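Work through the following exercises with the structure open beside you, trying each task before reading its solution.

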Amino acid sequence: IAYGYRDLGAAKQIRAGWAFGFGELEAASFAFNAPRQVTTEVVAEVNQGIFVWAAAGYDEVPQGRNGNAIRIHRRVDGIGTPPVTTTLSYKGGCQPTGTDVGVAVTDKPVIVLAYWKDCDTLMVRRSRDLGKTFGPNTVLSTRTHAQGLSIDAHGHTVVVAYTADGTTWVRRSTDDGSTWSSPKQVGSGATSLRVRYAD
């Protein structure tokens with residue numbers, strides 16, 4: 001089990017950790033810096049001993065830099081290997097509600113990151129070196145009025161669900177997030193999305 005949250009008692013800090021045996025044996029939690037002044041989303045994912053946390057945030061006060069960022073922190077086999085933290089900064093977020101972010105890990109393993117840019121552009125980026133670097137953006141949607149997203153992986157298949165323009169859509173990849181199916185409408189008006197892939 002992997003978990004993460006913003007620590008309101010510590011400035012600009014994300015607390016994260018993991019537990020084994022379905023939460024019975026808990027490892028010590030740790031902290032990494034929030035990506036920007038205001039944290040809008042923290043997500044966690046684990047697959048095959050790869051633990052990944054992602055946090056999205058934006059600058060409430062202009063800082064003379066790209067005002068939005070996502071910080072990705074990953075560990076392999078818990079505390080067995082040194083952690084790697086990567087920050088992706090960009091212009092054009094979605095203040096004041098911030099940026100939704102989702103992360104999935106395929107069996108290959110590939111880390112697949114999804115997030116909204118400019119409130120209307122759904123981006124996906126992939127890392128094939130366990131989060132050290134991320135490839136170019138792939139645009140999955142340019143519909144307006146984004147209201148959330150969720151992503152999950154199973155094997156080499158990745159599924160993304162998102163709501164935009166009052167409609168909920170799903171897109172699917174069978175090659176670790178390299179190429180994607182056409183969007184399929186599955187509902188309307190979902191504001192809080194959770195997608196999980198099951199056998």
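A residue is called buried when its relative accessible area is under 20%, exposed when it is over 50%, and partly exposed in between, as judged with a 1.4 Å probe on protein chains only. A salt bridge is a side-chain nitrogen of Lys or Arg within 4 Å of a carboxyl oxygen of Asp or Glu.

The model is predicted, so local features need pLDDT of at least 70 and side-chain atom pairs count only at pLDDT 80 or more, although totals for chains, interfaces and linings use all residues. Residues are numbered from 1 along each chain as its sequence is written, and side-chain values use heavy atoms, with hydrogens and water left out.

**Exercise 1. Find what surrounds the side chain of Arg171.**

Solution. Begin with the location: Arg171 belongs to strand β15, residues 167-173, where strands (E, at least two residues) and helices (H or I, at least four) are DSSP runs numbered from the N terminus. Next, look for a charged partner; Arg171 is buried but has no salt bridge, and Asp175, the nearest side chain of opposite charge, is 11 Å away.

Then turn to polar contacts, which are pairs of N or O atoms within 3.5 Å; within protein, one atom must be able to donate a hydrogen and the other to accept it, and residues adjacent in sequence count only if both atoms are side-chain atoms. A polar atom of the Arg171 side chain lies 2.6 Å from the backbone oxygen of Leu140, and the side chain of Arg171 also reaches the backbone oxygen of Ser181 at 2.7 Å. Finally, list the neighbours in contact, meaning heavy atoms within 4.5 Å: leaving aside residues up to four places away in sequence, Arg171 touches several residues, including Val158, Tyr162, Trp180 and Pro183.

**Exercise 2. Locate the salt bridges of the whole structure and describe the residues that form them.**

Solution. Recall first that side chains of opposite charge can pair when their charged atoms come close. The search finds 3 salt bridges.

One of them joins Asp59 and Arg36 at 3.8 Å, N to O. This pair links distant parts of the chain, since Asp59 sits in the loop between β6 and β7 (68-76) and Arg36 in the loop between β4 (30-33) and β5, 23 residues apart. Asp59 also forms a salt bridge with Arg65, with the closest N and O atoms 2.9 Å apart, and in this way Arg36, Asp59 and Arg65 are linked in a network. As for accessibility, Asp59 counts as buried because its relative accessibility is 9%, whereas Arg65 is partly exposed because its relative accessible area is 43%.

Asp118 and Lys117 also meet in a salt bridge, at 3.1 Å, N to O. Here Asp118 is partly exposed, with a relative accessible area of 36%, and Lys117 lies in strand β10, residues 111-117. A polar atom of the Lys117 side chain is 3.4 Å from the backbone oxygen of Lys91.

**Exercise 3. Work out how Gln37 is placed in the loop between β4 and β5.**

Solution. Gln37 is buried because its relative accessible area is 18%. Its side chain reaches the backbone nitrogen of Glu60 at 2.7 Å. Not counting residues up to four places away in sequence, Gln37 touches, among them, Arg6, Lys12, Tyr58 and Asp59.

**Exercise 4. Trace the open sheet that contains β7, strand by strand.**

Solution. Strands of a sheet pair through backbone hydrogen bonds, either parallel or antiparallel, and two strands are taken to pair if DSSP finds at least two bridges between them. Here 4 strands form an open sheet in the order β5-β6-β7-β8, with antiparallel pairing. The edge strands, each pairing on one side only, are β5 (38-47) and β8 (84-90).

Now follow the pairs in turn. β5 and β6 (residues 50-58) are joined over 9 bridges, and Val42 has Ala55 as its bridge partner in β6. Another 9 bridges join β6 to β7, where Ala56 is partnered by Ile70. β7 and β8 pair over 7 bridges, and Ala69 has Ser89 as its partner in β8.

To finish, check how covered β7 is: 9 of its 9 residues are buried. Asn68, Ile70, Ile72, Arg74 and Val76 point one way from the strand, and Ala69, Arg71, His73 and Arg75 point the other way.

Notes
Lys, Arg positive; Asp, Glu negative; His and termini not counted.
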